[in-house]
Amino acid sequence: MDATKVCEGNEDTRGVRRRVQGSDKGRPVQVTNISASTVCQETRSPTRKLSRSNSGLRLKPVVQAGRPGQPTRSVPTTWFQHNEEGPPLTYKMEVNLLLWLLVGVGFAVRFWKLDCPRNIIFDEVHFGKFASYYLQRTFFFDVHPPLGKLLFAGIGYLAGYDGSFLFPSIGVEFPFMVPYIAMRGASALCGSLLIPCVYSIMLELGFSHRAALLAGFFTIFENSLVLQSRVIMLDSFLILFTYLSLLCFLKFYHQRHAPFSPSWHKWLAYTGLALGLMLGVKYSGLLGLGCVGLLTLCDLWQLLADKAIDVTELALHVLLRGVYLLGIPLLMNIIIFYVHFLVLNQAGPGNSFVSLPFRNSLQGSVETPLIELSSNATLIRYNSNFTLRSTDVSCWLHSHDHLYPLKYADGRGSSYQQQVTCYDFKDPNNAWTIRKPAGTNDSSISEDIGVVRNGDEVEVVHLLSGKLLNSHDVAAPLSPTLQEVAGYINYSAAFVPHVHWKVSVVGLKDGDPVYWEPGRLRLKLHHTFSKQALACTGKRLPEWAFQQYEVVTDKAVEGSQTIWTMEDLQVVRGDNKTRDEEEAIKKEWISQKQANQNVEFTVSDSYSFLEKYLEIQHHMLTAHGSLGDHAFGTPPHNWPLLSKTLPYWLDETSNSQVTLMGNPLLWWAGCGGVALFLLLSAVYALASKRLVYIIQPAEFEGWLTRGGVLVGCWLVHFLPYFLLSRVLFLHHYLPSLPCQLMLLAALCDHLHIWTNTLPPVLRMLYPLLVILFCVCVVASFLVFAPFTYGFPSLSVEQIKWRHWIETWDLLFHMTASS
């Protein structure tokens, strides 16, 4: 019988390998192994048959024969048939409800009470001030690229902020005109977007949705990541752009089956854009560039092993990756700095860091206002009394009748001379006298009241104790790489070089007379013997120095920590002859400046953008390598195990505080996760060498590759910090932390394979253990949430209960109420 025509009445024939039985004129028919595409229905009164088309099976009318002698007629068809074509621009959308739930919780955790505290926190004092400088178009210098600060300034501009508040010091309350909530909101937005980014990275690496959800969950309840998402600082931008670049590269890697296609170019370009954003925020983003670079080299290594790719195509692969992954970030960096210089066209505090041609390219250069000080300025003479305030730490140069301890806590010896510190408040012990040295071999005291000129070599004497400000080859109390500064009374000729300082006023040339106006005279004191500059490190000294700030001499003479502002001045007044001399000097100096105004003080366009760009890169690199120590600085080996914390802010009247610390459970489990991954990988590899396959070879290869990417990225973002000699903080570890969290989530999911051999009852125990661990993560987050959000205020006992590790820095007032 013909298998293409089977009679079965109205029986359904869509199955494959069906047995159909019926009757055709009384004869039974049996058909097997008939597919639906070759079967048609035929009844005693056939009305239609199936036909094949490109779009599937269609119904066509057939002609039905009439009775003998009557014409044949067509069977009527349905007039209105369903149109199977979809409407244009229609897309199917799948909603991952669990992911959206995670993102919603992440937004809530980071945006909740974003206005608390209403005080300046830690480095908000810098980045908020820089945003204000942008709005005032006042040139400043910073060691970080401009993008993050430009974003803060742009938010302030959109909120109507004029930049009049300069974020003077930590703890100062924000005025109502400052849109600090909106500025913090930019960080919170980036911190919230990190959650879906981590989720997508897990999927692109080939992990399950279960592992991706777990990684997103860990990211939500990590205290340090939450805190950095709630402050006007750059780390939240940096972390998001770092992992966005990794995500884009993984998506590009998955396009390797279609090289040079539009999608291939798109994701490679997106990777370059993300790298450009990352490097526009911080140059520590070079570690993220190195991470993508290593993955790119691995990708090219795979292409090199492909014999189907010739040399020309391989060279094109290398060229395009270089253009997209290096060219785009470099171009973006140049554009960002172009905007930076375009906005900051007015002279400002950054003038002291750049060359004279650079300063002359700014409007209202620092030298110009000095010409206008003729009526208010005071000419400084020797034997005048003054106070100096650090512009970096906002404290006054200070000394008192107490000596450095004979030995410090670490066993190092001191000079055992009078302490010189930096004090937060105005005090009679802040007064100093500037004196002209009598001579190299003369120990007598000079009574000269001549004019102080820029570049002069001077002696600085503490007014109340009579001790000379000096520095010598003795390590500073808290900064062993820097020199101690002390007060010395023995006027021996052999010690003369150690008490001499060179005056260097910002904006003046050597030989110019030094004029003073309240709060406007900024200067440096260069130690003649060591060629270092007087500086305040910002570190709090122990109780033997009443927790005042450390003062040192620093080799990084161009750093902001070496700039001091002369706050008060009591000038020695001579007779009429002296005053006539002073007026003559002032008139002569002003006339000289006005005569040279067209050359030295007018805005010059001769200094090109490229020259500015190269000079500022040099200064940034130099300043990065010369940052001194800090009281709460932390070496890298303390980061993974959370051995230290970083206090950001403590309320003046209560124990409300903001302290950077991670979720201890996640940090410690994350370190264990890295160790467990390496251990499991070694066990799998050794077992496979003995032809014992604990997991399938393909699964082991994927496990090793996916986990290796996470461990490699963690190491790239962590190990280079061991090579730096500058001060480091706990927040430098945060860009590597999401890699640990993702690896921990992957391990929790991977360990399911070890439960497959257990009885069903015990097999159900493992998911319960994972859920219990997640509950503990949330509980640990809540325990330390008062340090993350700055409220509520805890009692001393409550803070001590949370002091799990002795080396943690948790601050409190003994007399404060909770």
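1. Leu 758, Leu 762, Leu 765, Leu 768, Leu 769, Ile 771, Leu 772 and Val 775 make a nonpolar patch of about 720 Å². A patch here is built from residues with over 30% relative accessible area and no salt bridge, joining nonpolar side chains (Val, Leu, Ile, Met, Phe, Trp, Tyr) within 5 Å and like charges within 9 Å. A salt bridge means a side-chain nitrogen of Lys or Arg within 4 Å of a carboxyl oxygen of Asp or Glu. Areas come from the Shrake-Rupley method with a 1.4 Å probe, and for residues only the protein chains shown count as cover.

2. A word on the model before going further. It is predicted, with local features needing pLDDT of at least 70 and side-chain atom pairs counting only at pLDDT 80 or more, while totals for chains, interfaces and linings use all residues. Residues are numbered from 1 along each chain as its sequence is written, and side-chain values use heavy atoms, leaving out hydrogens and water.

3. Where does the largest share of the nonpolar patch come from? Helix H20 (residues 765-783) supplies six residues. Leu 758 sits in the loop between helix H18 (737-750) and helix H19 (760-763), and it is partly exposed at 32% relative accessibility. Helices (H or I, at least four residues) and strands (E, at least two) are DSSP runs, numbered from the N terminus. Buried means under 20% relative accessible area, exposed over 50%, and partly exposed in between (1.4 Å probe, protein chains only).

4. Now for the cysteines. The structure has one disulfide (a pair of cysteine sulfur atoms within 2.5 Å). Cys 395 and Cys 422 form it, with an S to S distance of 2.1 Å. Cys 395 is in the loop between strand E8 (385-390) and strand E9 (396-403), and Cys 422 is in strand E10 (residues 418-423), so the link ties together parts 27 residues apart in sequence. The link is right-handed, with 105° about the S-S bond, and both Cys 395 and Cys 422 are buried.

5. Cys 748 is buried, at 14% relative accessible area. Cys 291 is also buried, at 6%.

6. Last, a look at Pro 720, in the loop between helix H17 (697-718) and H18. Pro 720 is partly exposed, with a relative accessible area of 28%. Leaving aside neighbours within four places in sequence, Pro 720 contacts Leu 287 and Leu 715 (heavy atoms within 4.5 Å).
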